[in-house]
Structures are given as C-alpha cells and as structure tokens.
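Please read it beside the sequence and the coordinates.

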Amino acid sequence: MRFSFTSALGPQAFDTRAFDSRVFDADAGSATGDFGDLPDWDLSDLYPAVDAPEVKRDLDWLEEACAAFASDFEGKLAGLDGAGMYDCILRNERISQVAGRLGSFAGLLYYQNTVDGERAKFFSDIQDKLTTFTAPLVFFSLEVNRIPDETVEEMLQHADLARYRPIFERMRKMRPYQLSDELERYEHDMSVVGASAWNKLFDETVADLKFTVDGEELGLEAAATLMSDQNRDKREAAAREVANVLGQNLKTFTRVHNTLAKMGDIEDKWRGMPTPQTGRHLSNDVEAEVVEALRDAVVAAYPKLSHRYYDLKRKWLGLDKLQVWDRNAPLPLEDDKAIQWDDARATVMEAYAEFDPKMAEIAEPFFTKGWIDAGVKEGKAPGAFAHPTVTDAHPYVMLNYLGKQRDVMTLAHELGHGVHQVLAAEQGEMLSSTPLTLAETASVFGEMLTFQKLLSGAKDQNERKVLLAGKVEDSINTLVRQIAFYDFECKLHEARKGGELTAETINGLWMSVQGESLGPAFEFMDGYETFWSYIPHFVHSPFYVYAYAFGDGLVNALYAAYVESPEGFEEKYFDMLKAGGSKHHSDLLAPFGLDASDPKFWDKGLSMISAMIDELEAMD
C-alpha cells in the first residue's frame, strides 16, 4: 500500500516505513576490525521474550479492544459531541500503543537477524495478528471523512480534543482519495500478503547474499565497506564482486520492483491519485511544489556541487577519471586508523553537550541501557535506523559500526533521531510521529554539531581538509545522491505504467540519473548499472529518499540561523523537536525566520556546501 487510511488515526503493523532510517549506501563503507565493546539491544523494556505471558496478554487485550471499539463507535461518529469524540480518540490511541509495542518488538528482533527462521516466523505471525485484529478499525478515518466540515469544527471546540486538530486535518486531506469501506477493508486485510510480503522477500534475499573478496566470504555490508578502503585494488575487487552478485540476483530484484510499482499504480488509479508521489507527499504533510522546488534547486546545483567536488577529488587521487570505487575513497593524506567505539561515543556526546547539556542527557541512556545495537553480525539488516517504538517505552537505534569517520557521523545522525523521538513522545501516540521531511532535522543537525566540533579541533590544514572533504561528500550523498535516487524512482514508476520492465530497462533508468548527478569526472564500470537493486527504500518506502535532501537543506539553513543568532536558539530548537507531528513545517520553521516554500531557502543550504568546496579549492 502507498499509504493506509487506518494509519491516519489508528494502529499499524510494524513496518520499516515506521523507521527514520539512513539509506544504506553500498559504496560508502568502512574498514573492518575490533572497535571495542559494541553494545547490543536489550528489548526487555518491550517484552521479556517471544513466549512471555505479556505477549499473549497484550494480543488478547488488543483483539477484544478493537472489536469493542468498532461495536461502540462504527456508524455513530457523526452523532458524537466533542467529549464523545475525545473519548473515542483516547481509546484509539491506547489501541495504537499496544499494537505498536507488539509490532516493534517483533520487528526489532527480526532486523537483528533476518535469516533466523524463528524470528521471521514470530514477525510474520505478529504482523498477521495485528492486521486481523485491527481490521475492524478501518471504518474510523473513512467515517470521519464523511462528517460535514462544520460538524467536525464544532467537535474541535472541545478543549481536550482541540489538540488533535492536525490529525483531523491530515485525514481530511486524504478524503478525495479514499475508497469504499469494503475496498479499504480488503486493502487492510491484504497488506500482510501484499507489499509486506514482497518487502520481506527483498530483505531475506539481501541478507542471504554472499560476496567473496580476496578469498573471504562476506555479507553485503562487510563487502561494501571495502569500497572505501585505502587500497584501490581492494576497492575495485569489492565493487566488481558486489556488481557480480547483484547481477546474479537481478531477476529477483527486478520482479520485486516490477510488482511493487504495479501494485502502487493500481492503487493510485483506484484512489484517483494524480501522481505516484502524491501519497508520499500527503503522508509527509508537505506540498508537491515544495518538494519540486527542492528537487529543482539541487539538480540545478549539480555543476557547482558534485561535478566540481569530484573533479577536485580526481586530481587529489591522481586519476584521469574516477571509477565508482573511487567515489567514497579516502584521501591520500587521510588516516585510516579505526575509531574505537568509546571514542566515537565521546565525540558525539561532547558535541551534543556543547550545544546544550540537555541534549547529551537525553542521549545518555541509549549507551547505558541497551538502546543501541552497534555491531555487524550475520543476518543483521544493513544500514542504520532509529525506531521510536511507542510513547510509553523509548526508541532503539541500530548501527553497523565499522570504525570510520562516516560511522561516527552515522552515530550522531541516528542518535539525533533518538533524541527527537524521546522529546516528541510527550505528544502521545497520535501526534508524536513526525513527517519524514522533518524527521531528518534532528539527525542531520546532530551530524552538523559533531562535524563542527571536529572541525574546530583540527590540528593542521591537512586534517581540516580531510574533515571538509568528508562533510562535502556526506552532503553530496545526502542531497545530490538522494535527489538522483528520487528522480530514478519517478522514472521507474512512470515507465512501469507502460508495461513490465526488464532488468535492462531499469538499469538504463538508473544510469541516466547517475551520469547527470555525478558528472564528467566519472566513468562507470560494467555492472554498476545494477546498483539500484540493493537500496531498501525503493522497496519499503517509495519516494522516501527526498526526505534526506529536505532534512540536509533545512538543517544547513537552520545551522546558519544558529550561527547568526545563537541567543535563545536552543529553546526554540527543543520546542520544535517536542512538537513532533503536531505542527506543519511552516509553523515549525517560522520562529527561525525560515520558509521551505521559498525557493531561495534551498539555495541557502546549497551555498553552505558550495562555500566548503570553495575553501577546498583555495587549499589547492
């Protein structure tokens, strides 16, 4: 499903779309080694074990609560007064909380080891039960959207219900696209064997992939880390092996993408969605013209950002042309020494504390109470994410820590999500979830704080150059690369409307955006055309990726505002995070004097990166 009417105000089975996660970039890895005592999750704050009596207790309660909710309210919503609707919302919120706890526990266990049969079965069984139990709730948003506007407005005059106004406004934005009650129930019931099943096939296929580099058998994450090794021959060997194995599995990946794109197209037609992206924009509570302004600004900036930087890097590496295995290669003067986990923790926590001690205080339990799972393990999902679970528990962060500067930044990124999720939890289950566009704000801001701390402590010009280059590369990966990803998805979904896509066709769409975004400094090896196939967001969360570019551009502008007017900034920043999903992006940014609908807004953030490239050019 592109989106769910149930999820607008009701419980949702655990799904990776609920994650605020970082795109796993298979050619932006790190070195392997011993990095100290890496933490594991302690999931007992959710449930003691899969067979714990608390799991059965909550499942039994949920089944009964959902049935009672439907019995008490179905067909009666229009006749409620404000107090009655408020009671309805509170009951719905409690159902969502219990369902979210069950789904989060099952999902987190699964993503720790996606090839473990018992975990996979538990995850599937929980998803199936949650879908079945919550099916009676499908009526809610459909029925609310049939209530006249003036009646809803009368209800919202109730003082306690008034704080839920954003939820009603978002539901009513979906009103033009809702199906009949019967079809919405069918969509809900089919979700377990629809998109979720294809998502799971993708995850399990990726987890099972094996790559042999220099005689060593590796998983995708470990093999991909070698593509940023100091040794160019090793980078090339890893890149060619990744391409080789992806190519061998391309039939499966092509089937997954064809099926999901067609399922999306069918749903869009039935709902009357004008574009494949409409559902994502609605769920993100962002206007299509704002996303297009961002996209157009970044594409127009390709020559002054990625094209210019990679030409510099080509010269630094002494090459006539860059290959894909050089894109994230360390600079010749870069220290390849692994960063120990304790050092990474100290760096991030000090940067957070220097901004505001409260920020470090909120982050501390992640390290001390088992809220982070950091090590690379057999069967573990690749990449990194922060999952908020439910508001009466706490978030969990997953990393695949491999001791490089990028891994320190990833820790800062995901910990920023965690801080955001802790602060937003006070809004309650219905209003804590932040639209994806704003969900990246705290994460990217955490990275910026960490980067600025490292930059201010640089011992010499060489160290400053390495740090600046690393930041520019991260920004290019976040802005340029993610907008190229977004353009690829738009092209893929548009092409799928014309019929089944061959692997060669999808490969061609991928390469059409890669050359444009990376620029003339590159030539591309045979096999790179398959690298679209490993990216999980294309499968789990179509069109999600522009949220990264939105967040990076927003934070660059936000940080500039902080530098210009630091007085009182921290309080406004924490207020923004505490708001969760209770305010539109325009209202959240207004206290900082920022407006994302203004095309010049995006130019501010892009100019910050361009200025860093200016400094790098001056150093040469």
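## Two loop residues with positive phi

Thr389 is found in the loop between β5 (384–387) and β6 (396–398); helices (H or I, at least four residues) and strands (E, at least two) are DSSP runs, numbered from the N terminus. Although Thr389 is not a glycine, its phi is positive, at about 50 degrees. Thr389 counts as buried, at 9% relative accessibility; buried means under 20% relative accessible area, exposed over 50% and partly exposed in between (1.4 Å probe, protein chains only).

Asp285 is likewise not a glycine and has a positive phi, of about 55 degrees. Asp285 lies in the loop between α13 (278–284) and α14 (288–301), and its relative accessibility of 7% makes it buried.

## Basis of the model

This is a predicted model, in which local features need pLDDT of at least 70 and side-chain atom pairs count only at pLDDT 80 or more, while totals for chains, interfaces and linings use all residues. Residues are numbered from 1 along each chain as its sequence is written, and side-chain values use heavy atoms, with hydrogens and water left out.

## Nonpolar core

A nonpolar core is a set of buried Ala, Val, Leu, Ile, Met, Phe, Trp, Tyr and Cys residues joined through side-chain atoms within 4.5 Å. The largest such core has 196 residues, of which Phe140, Phe168, Ile372, Phe531 and Tyr573 touch the most other members. Helix α21 (residues 461–496) gives the most to this core, with 15 residues.

Contact means heavy atoms within 4.5 Å. Leaving aside neighbours within four places in sequence, Tyr573 is in contact with Phe355, Met359, Thr441, Ala442, Phe445, Leu558 and Phe592.

## Met612 in helix α27

Met612 belongs to helix α27 (residues 599–619) and is buried, with a relative accessible area of 9%. Its contacts, not counting residues up to four places away in sequence, are Phe451, Leu468, Lys471 and Val472. Met612 and Lys465 are 147 residues apart in sequence, and their C-alpha atoms are 9.7 Å apart in space.

Two packed helices are described by the angle between their axes and the distance between the axes. Axes are lines fitted to C-alpha atoms, for helices over the stretch in contact, and angles run from 0 to 180 degrees between N-to-C directions. Helix α2 (residues 53–73) packs with helix α3 (residues 82–112) at an angle of about 150 degrees, the axes being 10 Å apart. The two are therefore roughly antiparallel (angles under 35 degrees count as roughly parallel, over 145 as roughly antiparallel, 65 to 115 as roughly perpendicular and the rest as oblique). Residues that meet in this pair include Trp61 and Phe69 in α2 and Arg91 and Ile95 in α3. By class, the contact has 14 nonpolar, two polar and six charged residues; Ala, Val, Leu, Ile, Met, Phe, Trp, Tyr, Cys and Pro count as nonpolar, Asp, Glu, Lys and Arg as charged, and the others, Gly among them, as polar.

Between α3 and helix α4 (residues 117–134) the angle is about 155 degrees and the axes are 8 Å apart, which makes α3 roughly antiparallel to α4. Among the residues that form the contact are Phe105 and Tyr110 of α3 and Phe122 and Phe123 of α4. The residues of this contact divide into 11 nonpolar, three polar and one charged.

## Packing of α4 with α9

α4 also packs with helix α9 (residues 195–208), at an angle of about 165 degrees and with axes 12 Å apart; the pair is therefore roughly antiparallel. Ala120, Phe123, Ser124 and Gln127 in α4 meet Ser196, Lys200 and Glu204 in α9. This contact has two nonpolar, three polar and two charged residues.
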